[in-house]
Amino acid sequence: MTPGGPIPSLLGFAAGSLWRRKGRAIALGIGLGLTVMLVAAVLFLTESLRAEAARAQTGLPDVVVQRLVAGRPTVLSEDDAKPLAGIDSVAAVRPRVWGYVFLPALQGNVTVVGVRDGAPSLDGISGALEDGRDMRHGAHEMIAGSALARYMGLAIGDTLGMPSARPSPQLRLVGTFGSAVDLYTADVVLCDEADARAILGLDPGQATDLAIDLKNPEEARVVAGTVIDRMPGARVVDKSTLARIYTLAYGRRAGLIFAACIPALIALIVLALDRSSGLSPDERREIAILKAVGFSIRDVLLARMLEALLIASAATAAGLLLAYAWVFWLGAPGLRGALVGWSVLYPQTKLTPAVDLAQLLGIAAATVGPFVGLSIVPAYRAAIVEPMEAMRG
Amino acid sequence: MTRTATRAALVLLALPAVIGVLAVDAHARRARRDAQGPAIDAVSPRLPAGDLALSGGARWLRFPSMEEPGAAFADGIAVPDPDPAGGAMAPPIEAWITAAARERAR
């Protein structure tokens with residue numbers, strides 16, 4: 001062996017061997033790298049979206065109650081809150097006024113939300129508002145998502161009239177949401193409840209749904225059952241269901257994308273099988289020569305393993321780096337539309353990585369481990385053959 | 001150690017280096033995002049739900065967490081509907097344009 005010990009020597013030999021067959025090594029590395037990139041990018045994006053959805057769950061009501069008529073959600077009366085307020089463990093029942101308005105200029109919906117008088121002010125909360133101030137009740141004012149304001153060409157002080165079945169006031173823009181909350185508010189218009197009712201066509205005393213806060217959130221399921229007893233036909237969604245939907249939604253979308261990638265994955269499996277099924281005559285002859293000049297079976301296996309490790313390490317490193325850059329530095333162009341959604345008013349905020357060291361190591365281990373493992377089997381088969389026999393073919 | 005072996009060792013070190021750099025970058029970005037928590041906590045109670053504003057088109061559900069569970073025509077139990085019920089019917093855009101024009105004239 002050359003100076004430096006057997007591993008450095010074998011590493012140098014493995015690198016030289018790869019260089020002699022560089023066309024095959026590069027093709028294999030590119031295929032593996034692209035597959036890692038695609039799978040990692042979908043995982044990075046999915047985990048990031050789930051984390052963002054979970055971030056806003058602190059503000060969710062414990063239980064949401066909607067009225068169903070003919071199987072479809074409809075408005076309910078604020079009086080419906082009274083029998084529910086008497087349920088043990090219920091701290092408060094809040095009728096909420098909100099809904100969607102289609103803006104022809106955008107060819108998309110905006111979400112109009114009525115804010116109750118007495119809601120905590122957003123003024124002074126760092127990052128909540130990008131420009132302007134919080135709205136005042138009774139002044140026909142609104143706060144809008146920054147994407148909505150930008151698309152509509154609205155500046156602070158401008159007014160906006162929204163299409164409505166009833167006469168509704170023009171709303172003056174007094175503030176836009178900050179980038180910290182852009183993911184949740186890009187298409188939102190906050191105004192006071194009276195204005196929201198006028199725009200959405202709700203009568204006084206009507207509400208879109210009821211938000212129930214509990215003294216003990218653990219009792220949400222029990223309370224949900226009691227609500228259905230007291231309000232037959234109601235649709236009750238508890239906080240755990242609200243939270244679970246995002247896990248399901250992005251799990252399913254990620255699954256669909258993986259399904260679409262099946263041809264690419266099959267191609268990689270074929271490549272891997274090609275490695276495991278056998279070696280080329282040249283490679284067999286090379287192993288025979290190595291044994292003839294004094295390499296042990298262990299040395300041969302180690303050299304082949306290092307070859308596979310070099311390809312897999314380089315390809316996995318490149319795949320992970322490209323996936324990360326694609327999703328978090330470039331904003332996942334191409335992938336975002338398929339996995340995230342189809343909003344007209346798209347939030348401009350860059351996504352925050354939820355991936356941690358353990359997940360990165362997991363992806364690397366799941367790629368490198370099988371790839372290296374598959375390379376050892378044919379090398380062992382060739383290494384146990386007598387050198388003369390192998391050279392004769 | 002030969003130059004080839006040194007280069008090969010560097011290639012092997014690329015994977016742990018990339019993993020380390022990405023983990024550190026992700027941690028730093030998460031810390032910056034966590035610092036924005038008070039703003040999210042202040043705004044989210046005013047919204048119907050904590051859903052992301054990513055599907056607000058005419059056909060796609062804006063608040064799937066509230067609209068999907070037990071929906072009348074969901075594709076499966078607690079499964080978000082990729083093509084929501086009613087999506088085949090376009091909204092009455094012409095009527096809304098007329099209403100918007102009437103509103104502006106007033």
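**Helix packing, loops and a pocket in a predicted model**

The buried residues of α7(A) are covered by elements that include β1 (63-69), α3 (81-85), β4 (90-96), β13 (209-214) and β14 (234-238) of chain A. The model is predicted. Helix α7 of chain A spans residues 220-230, and its buried residues are A:Ala220, A:Val223, A:Ala224 and A:Val227. Viewed down the axis of α7(A), these buried residues fall within an arc of 105 degrees, so they line one face of the helix. An α-helix has 3.6 residues a turn, so residues three or four places apart point the same way. The face of α7(A) turned away from the buried side carries A:Arg221, A:Val222 and A:Asp229, which are exposed.

Helix α6 of chain A covers residues 193-200. Six of its eight residues are buried, so α6(A) is largely enclosed by the rest of the structure. The buried residues are A:Glu193, A:Asp195, A:Ala196, A:Arg197, A:Ala198 and A:Ile199. They include the charged residues A:Glu193, A:Asp195 and A:Arg197. At the start of α6(A), a side-chain oxygen of A:Asp192 comes to within 3.2 Å of the backbone nitrogen of A:Ala194. At the other end, α6(A) is followed by A:Gly201. The phi of A:Gly201 is positive, near 80 degrees.

A:Ser164 sits in the loop between β9 (159-160) and β10 (171-177) of chain A. Its side chain reaches the backbone oxygen of A:Ala198 at 3.0 Å. Beyond neighbours within four places in sequence, A:Ser164 is in contact with A:Ala198 and A:Ile199.

A:Ser89 has a phi near 85 degrees. This residue lies in the loop between α3 and β4 of chain A. Both of those elements are among the ones that cover the buried residues of α7(A). A:Ser89 counts as buried, at 9% relative accessibility. For A:His140, phi is about 55 degrees. A:His140 is placed in the loop between β7 (129-132) and β8 (141-144) of chain A. With a relative accessible area of 37%, A:His140 is partly exposed.

The second largest pocket holds about 410 Å³ of space. Its lining comprises 17 residues. Those nearest the pocket centre are A:Ala15, A:Leu18, A:Trp19, A:Ala25 and B:Val11. Two or more lining residues come from each of α1 (6-20), α2 (22-55) and α11 (297-329) of chain A, and from α1 (3-34) of chain B. The largest share, five residues, is given by α2(A). By class, the lining has 12 nonpolar, three polar and two charged residues.

Chain B has four helices and zero strands. From the N terminus on, its elements run α-α-α-α. Chain B has 106 residues, of which 42% count as buried. Among its contacts between residues at least 6 apart in sequence, 14% join residues at least 24 apart.

Definitions and conventions. Residues numbered from 1 in each chain as written. Chains lettered and ligands numbered in written order. Predicted model: local features only at pLDDT ≥ 70, side-chain atom pairs only at ≥ 80, totals over all residues. Heavy atoms only, no water. 1 Å grid on protein atoms, 1.4 Å probe; cavity = no way out; pocket = protein on both sides within 12 Å on 5 of 7 lines; lining within 4 Å. Points joined across faces, edges and corners; volume = space filled by probe spheres on them. Polar contact = N/O pair within 3.5 Å; in protein donor to acceptor, adjacent residues only side chain to side chain. Contact = heavy atoms within 4.5 Å. Buried < 20%, exposed > 50% of the residue type's maximum accessible area, 1.4 Å probe, protein only. Arc of directions from axis to C-beta.
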